[in-house]
Protein chains: 4
Amino acid sequence: MNAPIREERDGGEDVRVGIWIVGALGDVATTTVLGAHAIARGLAPPTGLVTARRPFLDLDLAALGPDRCDLVFGGHDVREGSPQQAAWALADAGVVPGRLVEALKDDLAAYGARIRPGVAFGSSDLVQRLQSAAARARAAAGQADALAAILRDLEAFKESEGLERMVVVALASTEPRAEVPAALETADAVLAWLDAPAAPIPSSSLYALAAILAGAPYVNFTPSLGITPAGLQELALRRGVPHMGNDGKTGQTLIRTVLAPMFLARNFKVLSWSGFNILGNRDGEVLDEPAANAAKTEGKDSVLSRILGDQLGTSLTRIDYVPSLQDWKAAWDYIHFEGFLGTRMHLELTWRGADSALAAPLVIDLVRLIDLAARGGRKGPQTGLACFFNTPLGVTEYAFPAQMAMLHAYADELARIPATKV
Amino acid sequence: MNAPIREERDGGEDVRVGIWIVGALGDVATTTVLGAHAIARGLAPPTGLVTARRPFLDLDLAALGPDRCDLVFGGHDVREGSPQQAAWALADAGVVPGRLVEALKDDLAAYGARIRPGVAFGSSDLVQRLQSAAARARAAAGQADALAAILRDLEAFKESEGLERMVVVALASTEPRAEVPAALETADAVLAWLDAPAAPIPSSSLYALAAILAGAPYVNFTPSLGITPAGLQELALRRGVPHMGNDGKTGQTLIRTVLAPMFLARNFKVLSWSGFNILGNRDGEVLDEPAANAAKTEGKDSVLSRILGDQLGTSLTRIDYVPSLQDWKAAWDYIHFEGFLGTRMHLELTWRGADSALAAPLVIDLVRLIDLAARGGRKGPQTGLACFFNTPLGVTEYAFPAQMAMLHAYADELARIPATKV
Amino acid sequence: MNAPIREERDGGEDVRVGIWIVGALGDVATTTVLGAHAIARGLAPPTGLVTARRPFLDLDLAALGPDRCDLVFGGHDVREGSPQQAAWALADAGVVPGRLVEALKDDLAAYGARIRPGVAFGSSDLVQRLQSAAARARAAAGQADALAAILRDLEAFKESEGLERMVVVALASTEPRAEVPAALETADAVLAWLDAPAAPIPSSSLYALAAILAGAPYVNFTPSLGITPAGLQELALRRGVPHMGNDGKTGQTLIRTVLAPMFLARNFKVLSWSGFNILGNRDGEVLDEPAANAAKTEGKDSVLSRILGDQLGTSLTRIDYVPSLQDWKAAWDYIHFEGFLGTRMHLELTWRGADSALAAPLVIDLVRLIDLAARGGRKGPQTGLACFFNTPLGVTEYAFPAQMAMLHAYADELARIPATKV
Amino acid sequence: MNAPIREERDGGEDVRVGIWIVGALGDVATTTVLGAHAIARGLAPPTGLVTARRPFLDLDLAALGPDRCDLVFGGHDVREGSPQQAAWALADAGVVPGRLVEALKDDLAAYGARIRPGVAFGSSDLVQRLQSAAARARAAAGQADALAAILRDLEAFKESEGLERMVVVALASTEPRAEVPAALETADAVLAWLDAPAAPIPSSSLYALAAILAGAPYVNFTPSLGITPAGLQELALRRGVPHMGNDGKTGQTLIRTVLAPMFLARNFKVLSWSGFNILGNRDGEVLDEPAANAAKTEGKDSVLSRILGDQLGTSLTRIDYVPSLQDWKAAWDYIHFEGFLGTRMHLELTWRGADSALAAPLVIDLVRLIDLAARGGRKGPQTGLACFFNTPLGVTEYAFPAQMAMLHAYADELARIPATKV
């Protein structure tokens with residue numbers, strides 16, 4: 001069995017940062033944990049990690065390298081299963097190398113032992129059906145008990161692993177689009193609900209609330225509600241908790257926010273921008289339900305109008321479930337635009353990528369950056385992280401190049417946080 | 001017949017800025033002149049013009065609008081032909097609307113009357129074959145006489161049109177790749193050559209030299225040598241002439257410089273970037289000759305390595321002549337890249353655009369901006385204009401977003417030039 | 001004004017074949033009529049016409065050529081409007097040349113004068129809204145009166161134009177998917193309904209019934225119900241009327257039925273075949289309504305499973321309305337397939353074509369072929385014409401190459417029909 | 001170690017058919033041998049094998065199935081190396097599953113033991129450089145000795161493996177385009193050359209000659225000269241040897257011969273058909289040399305003009321070497337065509353496939369079919385196999401659907417050959 005990585009560290013004090021993943025058995029979670037351990041053990045280069053490049057290399061981030069690793073992973077999931085199973089399925093689909101799954105089986109098993117039953121309130125029908133008996137039992141006990149259980153799990157994680165700090169990151173399947181519950185409209189309403197939880201709140205927000213109460217920074221990599229409601233954000237500010245979301249920008253939206261500014265810069269008129277996505281993993285299956293699909297496509301569509309304003313005619317986004325693609329997604333964008341003297345031209349893009357391989361490094365980037373931000377006393381929405389999200393909280397800038405400039409400015413700020421280690 | 005546009009101006013003094021086009025009967029030149037008149041007469045919106053957007057709207061640029069037009073066009077061409085013929089051919093290919101060609105026939109005819117025989121030294125075989133008798137006669141008289149003739153044409157243009165200022169812009173067909181002649185290596189060598197022109201220099205540089213001697217700002221929208229040689233640039237500085245080039249960034253390279261920075265930002269490894277272009281206009285025909293083709297593709301290829309550095313594996317660019325496409329070009333880019341844990345993904349783009357409709361508005365932008373720069377006393381390479389070129393002179397920044405930031409900074413400087421009109 | 005074409009004929013007796021178009025002001029109808037007249041007057045070559053190639057050139061089809069034209073067009077439409085307007089809109093969209101619209105304005109006007117108010121029973125909401133007052137009045141009178149009016153229109157067309165034969169062709173917008181009415185299940189039920197029309201039948205079937213009663217061959221180029229119900233087909237057989245449908249095979253389905261047999265021949269396993277269509281004409285607008293969309297996409301999807309059988313995993317087809325494309329449609333097909341030793345590969349297609357320019361020549365082919373078939377005494381579904389349809393009536397063969405062999409065999413049969421002219 | 005498969009056969013007499021591969025260590029050869037053993041041992045289904053479908057299942061072909069395998073592989077190669085190494089490289093590139101390489105290592109080793117040094121006369125520079133010492137020694141001895149050595153190798157293969165029949169199949173890298181040597185112009189010239197070999201002949205033809213002299217059916221899966229010269233074909237007829245070539249139809253040309261007939265059937269005018277291929281295996285590397293590239297692209301281009309005749313404007317084909325793609329190839333076809341009333345439309349295809357996985361099953365199909373043909377006494381070019389080749393010998397039909405009809409007719413003939421087993 002692999003020796004724990006922290007033993008390998010020499011000199012200085014141990015720092016242990018716990019990363020608690022909601023949706024711990026999903027493809028993105030599995031790839032994240034597998035990849036972090038592969039990098040930590042020197043079995044893979046940090047390709048795809050933004051924080052593995054300058055200027056981020058100079059920040060005092062939780063260590064993740066061949067010599068040293070400060071990260072420990074655990075999490076919640078509503079399903080049965082093991083990270084090894086999930087990892088082998090990804091290897092079969094050609095997303096991760098089988099040799100890594102083999103080499104890191106002990107690390108995956110250790111991670112599996114830290115996964116606790118999650119809860120699915122307001123989730124899609126598919127997620128409801130997939131619940132384990134333990135998850136059903138927790139949900140049946142009601143939301144107050146569920147919240148208490150989540151907090152106990154976080155506390156136990158911290159103690160058993162000797163963690164100094166924790167980050168909670170949401171990677172669970174997209175929830176159906178829902179109205180913001182009245183109980184989440186103000187911080188006081190949230191506190192009142194804690195005393196007497198009446199109307200249910202979606203799981204994604206329940207977890208966000210747990211993170212706030214536990215004082216852990218929170219990242220919402222999904223399009224679900226999470227910490228979005230004003231009451232939760234207000235409470236996070238009061239408690240000094242930094243957070244950011246929503247919906248990791250991994251594929252089509254990334255390309256859109258890279259390309260759309262060019263049309264603006266060159267004063268082209270975008271007559272229509274039509275995008276079609278097909279993917280085959282569980283995320284795709286969940287998105288086969290119209291309400292979840294609407295939650296996802298709305299964000300994708302709005303980036304275009306936010307960047308292009310009235311230089312955009314119409315836009316269209318569709319996501320369809322095509323099982324044969326497994327974790328791969330393919331996307332087609334057809335951009336019809338008008339140039340000089342009304343000449344009509346078009347640009348087409350096809351993108352084929354592995355969903356989890358695109359998402360996982362960003363998850364690692366985000367937890368490392370927000371952990372440092374928390375240590376530096378930052379709180380509320382970390383808008384400097386906008387470039388990582390399809391619909392960044394509290395941000396009106398959607399163009400990727402401008403968001404990258406924001407990230408570099410943010411890095412400059414984080415660089416001023418005093419180091420904890422010599 | 002259309003009344004000259006300057007008559008329509010009311011108030012203030014007339015400002016007349018002459019735009020002298022080398023390659024005056026080409027598709028880009030024709031579209032440029034047609035489009036400028038269409039906008040000047042209110043027959044077309046300024047779609048595609050960067051200078052028609054903020055912050056450039058606020059600059060004291062030569063007027064081009066429904067009410068007022070300061071631009072007058074003339075030029076050289078080695079071929080026989082009329083702008084009307086060229087414009088109808090573009091209309092038949094669907095590049096410009098026939099109604100504009102019809103409505104602006106008088107303006108095109110007036111422009112045609114200002115076109116003088118050009119000279120083709122060191123040009124491709126195709127260009128050599130296409131020369132008119134007048135062009136052949138000029139070339140036969142040798143380079144000293146040719147240069148004198150060009151300078152006389154510029155002087156005559158200035159006088160007959162009552163011009164206050166002039167800009168020379170190179171839009172002629174790409175020359176075969178050539179070594180820099182020794183006579184162009186220093187300003188003194190250039191001056192010595194003027195006294196005793198021994199070894200020939202390429203036409204594109206002869207025109208650049210003429211512009212310098214005439215004190216006119218010079219823009220090289222082609223990949224030909226032009227003002228690139230150190231001696232010409234030095235002489236331009238001495239004479240206080242601003243200039244910029246090379247090779248207008250209209251299509252595939254534009255997209256490449258927009259997309260490549262994303263791969264860098266996300267720390268992807270670009271394994272290979274392969275690009276294929278097909279086009280059917282005279283530019284394409286000229287590029288069917290290997291030496292001209294090499295001159296063009298080299299620039300396209302190098303932008304990728306300049307942006308991606310060692311995150312680029314291999315790159316490949318091909319341009320082929322497919323007559324049926326006429327002025328349209330189609331391009332395919334296949335980007336093979338590696339992400340997290342070595343996962344291999346790809347992005348494909350297809351672009352279909354009308355070459356001349358993409359180029360013409362940039363030509364108008366460039367002549368207006370460099371004219372203002374000259375009026376403000378700027379000289380030498382105008383690096384702030386880098387975003388308009390595939391291989392910008394004196395610039396190491398190839399990423400389009402960064403080049404746009406440079407352009408905005410440049411606009412801020414130009415904004416400080418005092419206005420000439422009330 | 002253009003002289004009528006039939007005057008130009010020399011020798012032999014006049015043959016006049018009336019083509020009655022349901023949906024006479026639509027884009028396909030307009031392009032059909034414009035194109036037929038352009039060919040008849042020698043203004044355009046017959047590119048796109050299958051019947052302009054061997055062996056069809058040798059058949060005794062109604063004449064359509066520079067010297068002679070036997071076709072006369074008329075039709076029904078529920079909208080106001082003129083063919084000239086419709087044609088200019090198509091010219092603006094780059095689908096037909098403006099010079100043809102100008103040159104053939106008299107022919108278009110003459111056609112316009114032969115258009116009568118149509119009826120829209122069971123049509124989409126959009127079609128309902130677009131109805132003219134005359135169309136509303138006809139519909140308000142009930143289906144029995146509407147049928148009588150249609151029959152009177154056909155009779156009047158025949159008399160006023162001196163027609164020897166007639167063909168009815170359905171080109172109207174797709175109707176929402178509907179159950180087959182009980183009244184159309186047997187020929188006797190149809191006859192009973194004629195005596196006492198109780199429950200309504202869709203317009204498309206009402207027109208088909210009118211064609212049968214008028215003894216005119218009937219072609220359904222749309223996915224609407226038309227003559228599909230068993231009772232109508234039975235009645236057509238009794239009355240000796242030939243017919244064929246449904247849904248002209250113009251774009252994506254054509255390509256699919258060309259490509260899918262290759263996967264079968266090479267024993268590849270098609271894991272998934274996903275197709276996305278965007279188009280911007282009225283057809284696209286009608287298909288924006290879910291019920292009409294379902295009627296259309298079902299046919300497109302089923303061809304794949306019919307050709308590939310259990311070598312097909314899943315398939316998916318979407319049609320979306322993107323107004324900027326006008327009459328143009330763009331389509332993306334993503335074919336994911338498995339080859340030797342389980343290797344997974346893919347093929348992608350993008351198709352960009354003008355819907356009406358693809359459809360119109362096939363309409364001309366069909367009316368000429370079915371007219372000859374009727375003259376030769378053929379009745380019932382003309383399965384030899386399967387290659388022209390997405391969902392050919394009475395045919396189990398969906399592979400295009402096999403359907404082309406059927407068409408050639410059909411041509412051999414038609415070649416045996418004695419000529420009427422010397 | 002795996003027991004030899006023939007031991008598993010029960011009843012009847014053993015039939016052993018030897019397949020002698022020229023280019024035995026190449027990717028296609030390796031995949032062919034690996035795949036045949038995988039199918040023979042029941043480890044993989046016969047996906048991609050044409051002969052695994054009806055009506056070919058009913059032919060008395062050499063057995064290849066879970067219960068029984070009549071095929072034994074050996075061959076020549078100019079390089080050092082082992083099939084296992086080659087197979088693992090293919091597994092790393094995702095072309096074949098690693099588990100098969102592991103499971104079949106003994107079969108691969110046995111195959112490796114049957115590989116003898118090849119000779120490279122007239123080969124590309126790359127192939128020359130890659131030669132093993134043994135290959136160099138054979139070549140240095142001259143062509144007469146080389147031919148004798150090849151014949152001895154074939155004889156030894158037959159004896160040591162107890163073969164009843166043999167097939168020679170050419171899978172070596174493409175040779176540079178060469179003129180047909182005078183010595184190969186007639187059978188008598190060939191025989192004279194055998195007596196006194198003066199001017200050298202290309203290796204591919206030397207191997208073909210060896211096959212003829214050994215009485216073994218010969219398949220040329222490459223674009224090299226092989227048996228193409230008239231003298232070799234004449235000699236094959238005299239000696240009663242069946243053969244077929246050239247250049248296996250695996251990718252872009254397959255698609256072209258499937259699609260092009262549609263443009264003809266619908267009477268579209270193909271204005272231009274432009275195709276670009278990129279691939280990264282040794283074949284691609286060899287094709288990086290202009291002469292080899294010309295040999296390959298010429299065939300790809302000519303199929304279009306042969307199918308479309310004067311309905312084709314221009315065509316263009318390029319193949320480029322992009323190492324990162326390894327055994328994968330990507331291709332883009334841009335088809336610009338004209339339809340009704342001159343409307344210009346286009347169709348684009350992108351194909352991404354594993355070269356060897358596309359080729360290998362066809363190699364197995366071909367050797368099984370030509371072996372049966374030989375047993376049935378057929379000789380000369382087997383034109384019924386045209387559908388497997390880019391430039392089929394002695395065939396003017398290039399359309400894939402028509403070629404498939406030819407193959408089915410050929411299968412009917414082969415079905416009449418009496419079975420050898422009960």
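Which residue in S10(B) is the bridge partner of A:Trp351? In S10(B), that partner is B:Leu347. Let's see where this pair sits, starting with a word on the model itself.

This is a predicted model, in which local features need pLDDT of at least 70, side-chain atom pairs count only at pLDDT 80 or more, and totals for chains, interfaces and linings use all residues. Residues are numbered from 1 along each chain as its sequence is written, while chains are lettered from A and ligands numbered from 1 in the order in which they are written.

The bridge between A:Trp351 and B:Leu347 belongs to a pairing of two strands. Strand S10 (residues 344-354) of chain A and S10(B) pair in the antiparallel sense over 7 bridges; two strands count as paired if DSSP finds at least two bridges between them. Strands (E, at least two residues) and helices (H or I, at least four) are DSSP runs, numbered from the N terminus.

Around that pairing, 45 residues from chain B and 45 residues from chain A make up the contact, where two residues are in contact if their C-beta atoms, placed from the backbone, lie within 7 Å. On the chain B side, the elements giving two or more residues are helix H1 (27-40), helix H11 (252-265), strand S10 (344-354), helix H14 (355-375) and helix H15 (400-414). S10(B) gives the most, with 10 residues. By type, the chain B side divides into 29 nonpolar, 10 polar and 6 charged residues. Here Ala, Val, Leu, Ile, Met, Phe, Trp, Tyr, Cys and Pro count as nonpolar, Asp, Glu, Lys and Arg as charged, and the others, Gly among them, as polar.

Now turn to chains C and D. The same surface serves both: 100% of the contact residues of chain C recur in chain D.

What lies at the axis? The bridge partner of C:Leu349 in S12(D) is D:Leu349. These strands, S10(C) and strand S12 (residues 344-354) of chain D, run antiparallel and are joined by 7 bridges.
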